[in-house]
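User: Hi, I'm new to reading structures and would like to go through one with you. Could you take my questions as they come?

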Amino acid sequence: MTETEAIRLFKCLSDKSRLQILKSLAIEDMYVERLAERLGITAPTVSFHLKKLSDAGAVTSYKSQYYMMYSLKKDIFETSILDIIQEKSDEADAQAQRDALYRRKVIDAFFEYGKLKAIPAQRKKERIILDVIVQEFEYDRIYSEREVNIIIADFYDDFCTIRRDMIGEGLMDRDTRGYWRVKQ
Amino acid sequence: MIDQNMTKMNCWFEEKIALCGKRNLELNEDGRTDEAIFEKVKANIYDVFRTVLSVAGKTGNGDADAVKSFFTQRAEQIPAAWAAALEKAKEHNDTVRMRTEQIKLDTVHEIREEFAKIWEGAE
């Protein structure tokens, strides 16, 4: 279910008459007049609600003799709210694009010819430049402190601060053996 | 007599509008939001024709037949667009639009009947 479909379904369900219709259809398939009789509302009003429910993908219809029967689309209601929340949305793509653009701007502003001009004061920006520097480290390899310092020094003279901040941000880790790049 | 008819018709409009307002509140409180909107639609139609009656009264200038003629003419003209919209909605099987247009037309029908009742009752 896409984000748009989920919004349409939730909007559609926020009406007591439509919920009552769904409750009736959960018992058995019904036609308009039968629903109208059960719920005490007019047949045209039931048709109105059924159309909205149908557009939201909550009900489906089929012909049975002279009647148009309506039934619950059970698969829709078997979807958990968590599934809907976890569904990748168009907005997530747009947000990823905005993030990538912002990242590019920060990198362009703080790096010149591959060298870091200054350590950003904002943590969010510093995280981006640390992400760039950490790319120089291989995974599954232990580096000595000297090796780490040399790699960082290619970017910035104050390698101690960068090294410490990479540990603080969880990009690198260390123990008595040395330093290694943390898998994100 | 014309003043009496105008007053009767205005009272009827006010009662109907008040009733729609009451139903709108009740339905909203009951979580039946779309049906609450139907009541608002009806109230708007009553209000439109209350205005038409007021204009008819001024235009007729005391002449009962002129008032009747003006009002019935407008009561035929105004809903013509709604009837056309209803037909279009039927063609496209747009049940949602059909419901709204039907409510408007049903309300006008009710207004026309009440108007005729009051005016003919006086004749």
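User: Where is N61(B) found?
Analyst: N61(B) sits in the loop between α2 and α3 of chain B, and please keep in mind throughout that we are looking at a predicted model.

User: What is the phi of N61(B)?
Analyst: N61(B) has a positive phi of about 50 degrees, although it is not a glycine.

User: And is N61(B) buried or exposed?
Analyst: N61(B) is exposed, because 9 other C-beta atoms lie within 10 Å, and a residue counts as exposed when that number is 12 or fewer.

User: Which residue of chain A has a positive phi although it is not a glycine?
Analyst: One such residue is D140(A), whose positive phi is about 60 degrees. D140(A) has its place in the loop between α8 (123-134) and α9 (145-153) of chain A, and it is exposed, with 7 other C-beta atoms within 10 Å.

User: Back to chain B, at what angle do α2(B) and α3(B) pack?
Analyst: The angle between α2(B) and helix α3 (residues 64-77) of chain B is about 145 degrees, and their axes are 8 Å apart. The crossing of these two helices, α2(B) and α3(B), is right-handed.

User: Which residues of α2(B) and α3(B) meet there?
Analyst: From α2(B) they include F49(B), V52(B), L53(B) and A56(B), while those from α3(B) include A66(B), V67(B), F70(B) and F71(B). Sorted by class, the contact of α2(B) with α3(B) has nine nonpolar, three polar and one charged residues.

User: Staying with α2, what about N44(B), how exposed is that one?
Analyst: N44(B), which lies in helix α2 of chain B, is partly exposed, because it has 14 other C-beta atoms within 10 Å, and that number falls between the 12 or fewer of an exposed residue and the 20 or more of a buried one.

User: How far is N44(B) from T107(B)?
Analyst: In sequence N44(B) and T107(B) are 63 residues apart, whereas in space they are 9.9 Å apart, C-alpha to C-alpha.

User: How many helices and strands does chain B have?
Analyst: Chain B has five helices and zero strands, and along its sequence they give the pattern α-α-α-α-α. Of its 123 residues, 30% count as buried.

User: And how many in chain A?
Analyst: Chain A has ten helices and seven strands, and of its 184 residues 18% count as buried.

User: How many residues of each chain take part in the contact?
Analyst: The contact takes nine residues from chain A and ten residues from chain B. On the side of chain B that touches chain A, α2 (33-60) and α5 (95-122) each supply at least two residues, and the largest share, four residues, comes from α5(B). By class, that side of chain B has five charged, four polar and one nonpolar residues.

User: New topic, how far does α2 of chain A reach?
Analyst: Helix α2 (residues 16-27) of chain A has twelve residues and reaches 17 Å from its first C-alpha to its last, which is close to the 16 Å expected at 1.5 Å a residue.

User: Which residues of α2(A) are buried?
Analyst: The buried residues in α2(A) are S17(A), R18(A), I21(A) and L25(A). Seen down the axis of α2(A), these buried residues fall within an arc of 100 degrees, so they line one face of the helix. As background, an α-helix has 3.6 residues a turn, so residues three or four places apart point the same way.

User: And what is on the other side of α2(A)?
Analyst: On the other side of α2(A), K23(A), A26(A) and I27(A) are exposed.

How values were computed. Residues numbered from 1 in each chain as written. Chains lettered and ligands numbered in written order. Predicted model: local features only at pLDDT ≥ 70, side-chain atom pairs only at ≥ 80, totals over all residues. Expected span 1.5 Å × (residues − 1). Arc of directions from axis to C-beta. Contact = placed C-beta atoms within 7 Å. Nonpolar A, V, L, I, M, F, W, Y, C, P; charged D, E, K, R; others polar. Axes fitted to C-alpha atoms, helices over the stretch in contact; angles between N-to-C directions. Left-handed = near helix turned anticlockwise from the far one by under 90°.
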